[in-house]
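Hello,

Here is the structure for your files. My notes follow below it.

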Amino acid sequence: MTNHLFDQLLGEANAEVRLAFMPGAAWNSKDRSYSYGDALDVSARFAAMLVEQGVRPGDRVAVQVEKSIEAVMLYLATVRAGGVFLPLNTAYTAAEIEYFVTDASPAILVCDPRREAEMQPVADKAGARLLTMGVWAAEHDGRDGDAGTLFAATSKTADGFENLPRGPDDLAAILYTSGTTGRSKGAMLSHANLVSNAEVLAELWQFTSDDKLLHALPIFHTHGLFVATNVTLKAGGSMVFLPGFKPDDMLASLPDCTAMMGVPTFYTRLLADDRFTADSASHMRLFVSGSAPMLVETHQQFEALTGKRVLERYGMTETNMNTSNPFDGDRKIGTVGPALPGTEVRIVDAGSGEKLKTGEVGSIEIRGPNVFSGYWNMPEKTAEEFRDNGFFISGDLGTMDEDGYITIVGRSKDLVISGGYNIYPKEIESVLDDEPGVLESAVFGVPHPDFGEGLLAAVVPSNGEVDTTNLMAAMGEKLARFKQPKAIFVMEALPRNTMGKVQKNVLRNTHGDHFKS
Ligand code: MLC
Ligand code: AMP
């Protein structure tokens, strides 16, 4: 019996090798270490538990828990049990989670024990069984913290558990990505999508079992879960697993690592810290950046300080990674490199779909084994975003040079990327427009020194005035913190063109200096 993703990632794992450890008095948790043997054992026990709890092949397992090694085990367990892993941002409010779980109707929803009371009605409404997953070690070493019901339901042995069979085209994960219409869409990723990307990246970036990755990204998105984790597993390497980005912990962990993956904010924060020197980076063989554009200036500063050039690559929730600058060869600053082996990337005229000439700006489109099969329950949306010949329309605009390197120059979608998180203004505008006293709103991004882009909102009151403090409070209940505008401006009217369309470029120009210190 084969389980495509599991077999490819862990089929030949050397049980003795250390996979990950989570350091850190700073995180109020004892040093803990996992070998590949532990990973095989714990993920099998979790998988057996999921089957006992009623998970059947193809069932979704929705998970909103803090980052931990055990959360990775839950991902592997879901795959082994034949399920579909559905990770959710820990910042999402109960209102946001309700949309995802009613849309995806998972068999199981796993949440943090501290959120059990607010999540129970959400699970009930979606017909999902609720489990809670807290601090694993609380069970084992008596530390403070609620371990939750998931560990309690897990048997002490994995005896007799066999992976459920799953083929390359079966679903392995659904990742929700916000949409231009304001409704989030669940990108359906198959076993083959994930395996092909992990194989290609591990080889291209020359990952081996000698590598130790500094992992400080969240594990509910493509970057931290599939790129960072799957590539490490594929290579049989190790990870230092930090719950988030804190400069002290990054600097303390760097000497022990060989590679790091991060969003541009990681790099600007490291560069802003005097303790980050050429020495801190001298032993590192690879720094990768992606999820948002890295400024040329940041690239140059990093290289001037460390003598190393960050390798920038380009991906999406729907497609995993599409392009990458080379490991060996010319890493061109300001570009995201050429298409990955096995993946086609083309630049076309958005209207006609005709291929454009070298250097011309057009729609970036992608085809290959990395590209998802469609949006969950949204066949029309899926059809709109694919060409008849199978190319996926990314919504990004770019050029291709004579060597096939892609430069992203903008987006045809109304999207703000803040600290590597995608925010679709439409979703925030819908929330603002529903508030009493608001006639209409426009949400937009402007340059932000830490997050790349920072979110701002302009609102037009329905009766002359509106209390922006109340608006902020209302958003606090409905939207994750990172989606809330950092400031709200009251305007008499929104700037519009002759067609009546809101001119966000005018708002961006007017408020472009908002975050400049
Ligand atoms: C936190 N805040 C943010 C924010 N992150 N606001 C806007 N954008 C963000 N990204 C809020 C906090 O809630 C807080 O609010 C205030 O801003 C300051 O927070 P902080 O303590 O400075 O933030 P921190 O916890 O350090 O997080 C920043 C970060 C994090 C950049 C480390 O956002 C992060 O890990 N981003 C990575 C996202 C990611 O993995 N993207 C990959 C997507 S996959 P207040 O007001 O309460 O103080 C993808 C495909 C691909 O895109 O190509 O990879
Ligand atoms: P997400 O939907 O969260 O997966 O975000 C995908 C989007 O992130 C892409 O469509 C791009 O707009 C953006 N992105 C990812 N990597 C890069 C990069 N290296 N440079 C610029 N934009 C990027």
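Strand E13 (311-316) and strand E19 (406-411) each give at least two residues to the shell around ligand 2. The model is predicted: local features need pLDDT of at least 70, side-chain atom pairs count only at pLDDT 80 or more, and totals for chains, interfaces and linings use all residues. Residues are numbered from 1 along each chain as its sequence is written, chains are lettered from A and ligands numbered from 1 in the order written, and side-chain values use heavy atoms, without hydrogens and water.

Strands (E, at least two residues) and helices (H or I, at least four) are DSSP runs, numbered from the N terminus. E13 supplies the largest share of the shell, five residues. In total, 17 residues surround ligand 2 (a heavy atom within 4 Å). Among the closest are Arg313, Asp396 and Lys413.

Polar contacts here are pairs of N or O atoms within 3.5 Å. A polar side-chain atom of Glu312 sits 3.0 Å from a nitrogen atom of the ligand. A polar backbone atom of Thr317 is 2.6 Å from a ligand oxygen atom. For Asn422, a polar side-chain atom lies 2.7 Å from an oxygen atom of ligand 2. Alone, ligand 2 exposes 500 Å², and the protein buries 93% of that (Shrake-Rupley, 1.4 Å probe).

Now the sheet. It is open, with eight strands in the order E2-E1-E10-E9-E11-E12-E13-E14 and mixed pairing (strands pair with at least two DSSP bridges between them). E2 (32-35) and E14 (320-324) are the edges; each has a single partner strand, so one side of each lacks a neighbour in the sheet.

Best wishes

Key
Polar contact = N/O pair within 3.5 Å; in protein donor to acceptor, adjacent residues only side chain to side chain.
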